[in-house]
Amino acid sequence: MTIDSGSLLAKWDSMFLRTVDPTRERRMEAILGVLGPGSHRPIRVLDLGTGPGPLVARILDRFGGSRVVGVDADPVLLEVGRRALRRHGERVSWVLADLREKDWSSGLRMASFDAAVSSLALHWLEEREIRSLYRDLRRILRDGGRVVTGDFLPSERTRKRSRDPGGASGGDYRAQKEDAAVRAFRVQWTRWWSALEREPTMRSAFREREIRLPGAIPPRRTPGPTDPVTVETHQRSLRDAGFGGTAVAWREDGFRVLVATK
Ligand SMILES: C[S@@+](CC[C@H](N)C(=O)[O-])C[C@H]1O[C@@H](n2cnc3c(N)ncnc32)[C@H](O)[C@@H]1O
């Protein structure tokens with residue numbers, strides 16, 4: 001590969017951090033904190049909507065004995081992750097699957113996990129898809145295993161407010177700042193993908209992407225992050241799926257890390 005996959009992964013992180021995901025590092029740190037104090041404790045973790053594996057990289061670095069499976073619907077992002085984290089050998093595996101499909105978990109190479117984590121990914125799913133996903137996770141996790149959802153998870157109250165243009169939504173200043181962040185993100189996003197598209201060794205991954213995700217990510221039939229499922233709905237869905245004690249472990253603005261235990 002003529003472009004360095006490690007630096008692509010680093011750029012992925014900074015592209016989000018500097019634009020639409022300003023609390024990224026603290027959210028990732030909160031997710032790691034839920035997983036435990038670190039060291040060589042062996043843990044088996046599933047990362048949902050892993051992208052090129054920024055959270056996978058952090059888990060592998062922090063938990064010496066860990067094994068991680070990253071799941072994503074995008075073959076190009078998985079290929080970047082595979083190359084960037086090759087040094088971890090068999091501790092990491094990558095599974096191409098659409099979390100909205102019934103059989104998404106059929107290709108996982110481990111029978112049971114200690115935790116299912118996600119970062120900035122589940123907001124692409126609709127409520128019924130989230131409900132079904134959490135039911136599947138209850139089956140996949142060991143007893144005492146945890147779901148750790150780190151994402152933009154607004155509360156019902158703030159989501160209602162932000163839909164009301166006359167309400168106390170934080171005012172024009174905040175809206176302008178958010179628009180500027182989205183614009184900056186789009187510029188960097190296009191650059192990031194263009195560099196990859198020019199890379200000859202990525203051609204087959206792009207061909208597969210064109211078949212599986214014609215158009216682009218996000219897949220067209222998702223609601224997208226403009227109207228994400230609220231934290232209360234996530235909590236209800238987890239409880240209905242049979243998870244106990246759901247709690248918000250970390251929060252900054254509308255970003256939260258939600259934890260539930262089997
Ligand atoms: C904003 S990226 C986040 C990636 C990574 N977790 C991070 O924190 O940088 C959202 C990821 O979710 C994946 N995704 C969206 N919808 C999906 C679906 N239905 N099934 C699997 N992956 C999906 C996308 O391909 C993308 O990699």
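This is a predicted model: local features need pLDDT of at least 70, side-chain atom pairs count only at pLDDT 80 or more; totals for chains, interfaces and linings use all residues.
View 1. A polar atom in the side chain of R100 is 3.5 Å from a nitrogen atom of the ligand. A nitrogen atom of the ligand also lies 2.9 Å from a backbone N or O atom of L99. At S119, an N or O atom of the side chain is placed 2.7 Å from an oxygen atom of the ligand. On its own the ligand has 590 Å² of accessible area, of which the protein covers 97%.

**View 2. The shell of residues around the ligand.** Helices α1 (5–17) and α2 (24–35) are the elements that contribute two or more residues to this shell. The shell comprises 13 nonpolar, 4 polar and 5 charged residues. Of the 22 residues around the ligand, those that come nearest are W12, R24, G49, D72 and S119.

**View 3. The tilted pair of W12 and W189.** The ring centres of W12 and W189 are 5.6 Å apart and the planes meet at 50°, so the pair counts as tilted. W12 belongs to helix α1 and W189 to helix α7 (residues 171–197); the pair thus links parts of the chain 177 residues apart. W12 is buried, its relative accessible area being 8%.

**View 4. The edge-to-face pair of W193 and F206.** The centres of these two rings are separated by 6.1 Å, with 80° between the planes. Because W193 lies in helix α7 and F206 in helix α8 (residues 203–212), the pair ties together parts that are 13 residues apart in sequence. Both W193 and F206 are buried. Over the ring of W193 sits the charged end of R209, 4.1 Å from the ring centre.

**View 5. The aromatic cluster.** W12, F16, F185, W189, W192, W193 and F206 are linked into a cluster by ring pairs. The whole structure contains 10 aromatic pairs.

How values were computed
Residues are numbered from 1 along each chain as its sequence is written. Side-chain values use heavy atoms; hydrogens and water are left out. A residue is near a molecule or strand if one of its heavy atoms lies within 4 Å of it. A polar contact is a pair of N or O atoms within 3.5 Å; within protein, one must be able to donate a hydrogen and the other to accept it, and residues adjacent in sequence count only if both atoms are side-chain atoms. Accessible areas come from the Shrake-Rupley method with a 1.4 Å probe; for residues, only the protein chains shown count as cover. Helices (H or I, at least four residues) and strands (E, at least two) are DSSP runs, numbered from the N terminus. Ala, Val, Leu, Ile, Met, Phe, Trp, Tyr, Cys and Pro count as nonpolar, Asp, Glu, Lys and Arg as charged, and the others, Gly among them, as polar. Rings of Phe, Tyr and Trp (its six-membered ring) pair if their centres lie within 6.5 Å; planes under 30 degrees apart count as stacked, over 60 as edge-to-face and the rest as tilted. Buried means under 20% relative accessible area, exposed over 50%, partly exposed in between (1.4 Å probe, protein chains only). A charge sits over a ring if NZ of Lys or CZ of Arg is within 6 Å of the ring centre and within 35 degrees of the ring normal.
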